[in-house]
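Thanks for coming, everyone. Let me put the structure up, and then I'll walk you through it piece by piece.

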Amino acid sequence: KPKTKRAKRFLEKREPKLKENTKNAMLIKGGNANLTVTEVLKDIYAVKKPFAVLYKKKNITRPFEDQTSLEFFSKKSDCSLFLFGSHNKKRPNNLIIGRMFDYHVLDMIELGIEKFVSLKDVKNSKCPEGTKPMLIFAGDMFDVNEEYRRLKSLLIDFFRGPSVPNIRLAGLEYVLHFTAVDGKIYMRSYKVLLKKSGCKIPRIELEEMGPSLDLVMRRTHLASDDLYKLSLKQPKALKPKKKKNISHDVFGTTYGRIHMQKQDLGKLQTRKMKGLKKRPAEKSAEDGGVSPKKSKSA
């Protein structure tokens, strides 16, 4: 139990919510990380800010063999995503990207860096901090292969940023492009330039911004189907309620069906006009009586 109000607020912030906070990522440097891995972690931290924590000290751990230290850091910093960088003779320039579920490792994928161009090497203007990127995935492998499909889900989770209700055209200025070809994953980042086109819709140009990575997949640690389904489960309060008597056609038009009681149209109040008034003969015929006018005697 919290002893102070500050501790109470801290615990309330970490409690489960219907709409969870934006996922934070922790970037951890291994005990034998070289300059390339360190620069990659710094650049991805610059892209992910402010929803990231960069650990500058080296941590001697092997995530595929022992995951306790990752789970400890996850609980300490309240991060559900992680990127671990290391380097050794057997696996040079190594990155491990993964995510947590209930502060336990859900799945992680090991990637090898074959080519790297940092943010500093590309002398172009950069996007401001906290810009939400547009994610593009090219290649059949992301839809066919189960490991690549899970990697796509992991990358979307890592780079998606906060969920926003509205989108502004000028805010669409950053693109992250992932291509899977011949067993390699190519990551490229571009800045979107809106040029004059002489009409309402601007002309779009892409300018390479950095960082860019050529990656190759190595080891994988994927969650079982049951655990993966459990992690995707949504609370009942967030599930949309089914609306009755509403249908949609091919063109997206919404139709609603209304159920009403049977109406007596004879008692329907209409607009009163002289031309619509009934004559005395019509009234008498309806009543089944004799005309009110007296007949003349012979």
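Start with C79. C79 counts as buried because its relative accessibility is 2%. Buried here means under 20% relative accessible area, exposed means over 50%, and partly exposed is in between, with a 1.4 Å probe and protein chains only. C199 is exposed, because its relative accessibility is 54%.

Some ground rules. This is a predicted model, where local features need pLDDT of at least 70 and side-chain atom pairs count only at pLDDT 80 or more, while totals for chains, interfaces and linings use all residues. Residues are numbered from 1 along each chain as its sequence is written, and side-chain values use heavy atoms, with hydrogens and water left out.

Now the strands. Helices (H or I, at least four residues) and strands (E, at least two) are DSSP runs, numbered from the N terminus. Look at strand 3, residues 81-86. Six of its six residues are buried. Which residues point which way from strand 3? L81, L83 and G85 go one way, and F82, F84 and S86 go the other. In a regular strand, side chains alternate between the two faces of the sheet.

Next, the neighbours of strand 3. Two strands pair if DSSP finds at least two bridges between them. Strand 1, residues 25-30, pairs with strand 3 in the parallel sense, over five bridges. There, L27 stands opposite L83. Strand 4, residues 94-101, pairs with strand 3 too, in the antiparallel sense and over six bridges. Two contacts to find on screen: L81 has R99 as its bridge partner in strand 4, and G85 has L95.

Stay on strand 4. Seven of its eight residues are buried. Strand 4 also pairs with strand 5, residues 104-117, in the antiparallel sense over eight bridges. R99 turns up again here, with D107 as its bridge partner in strand 5. Strands 4 and 5 form a hairpin with two residues between them. In that turn, D102 has a positive phi of about 60°.

L155 lies in helix 5. Is L155 buried or exposed? Buried, because its relative accessibility is 7%. L155 and G98 are 57 residues apart in sequence, and their C-alpha atoms are 9.1 Å apart in space.

On to the rings. Rings of Phe, Tyr and Trp (its six-membered ring) pair if their centres lie within 6.5 Å; planes under 30 degrees apart count as stacked, over 60 as edge-to-face, and the rest as tilted. The count comes to seven aromatic pairs. Take F137 and F142: their ring centres are 5.3 Å apart and their planes sit at 80°, so the pair is edge-to-face. F142 is buried, at 1% relative accessible area. F158 and F159 are also edge-to-face, because their planes are at 65°, with ring centres 5.1 Å apart. F158 is buried at 1%, and F159 is buried at 6%. Ring pairs link F137, F142, Y148, F158, F159 and F178 into a cluster.

Last topic: pockets. On a 1 Å grid over the protein atoms alone, a pocket is an open set of points with protein on both sides within 12 Å along at least five of seven lines, and lining residues have an atom within 4 Å of a point. Volume is the space filled by probe spheres set on the points, which are joined across faces, edges and corners.

The largest pocket holds about 1,900 Å³ of space. Of its 45 lining residues, K19, E20, N21, K23 and S80 are closest to the centre. Which element gives the largest share of that lining? Helix 1, with four residues. Strand 4 and helix 5 are among the elements that each supply at least two. By class, the lining has 19 nonpolar, 11 polar and 15 charged residues. For these classes, Ala, Val, Leu, Ile, Met, Phe, Trp, Tyr, Cys and Pro are nonpolar, Asp, Glu, Lys and Arg are charged, and the others, Gly among them, are polar.

The second largest pocket has a volume of about 300 Å³. It is lined by 18 residues, with N32, T61, R62, S86 and N88 nearest its centre. Strand 3 and strand 4 each supply at least two of the lining residues.

Technical notes. On a 1 Å grid over the protein atoms alone, a cavity is a set of points where a 1.4 Å probe fits but cannot get out, and a pocket is an open set with protein on both sides within 12 Å along at least five of seven lines; lining residues have an atom within 4 Å of a point.
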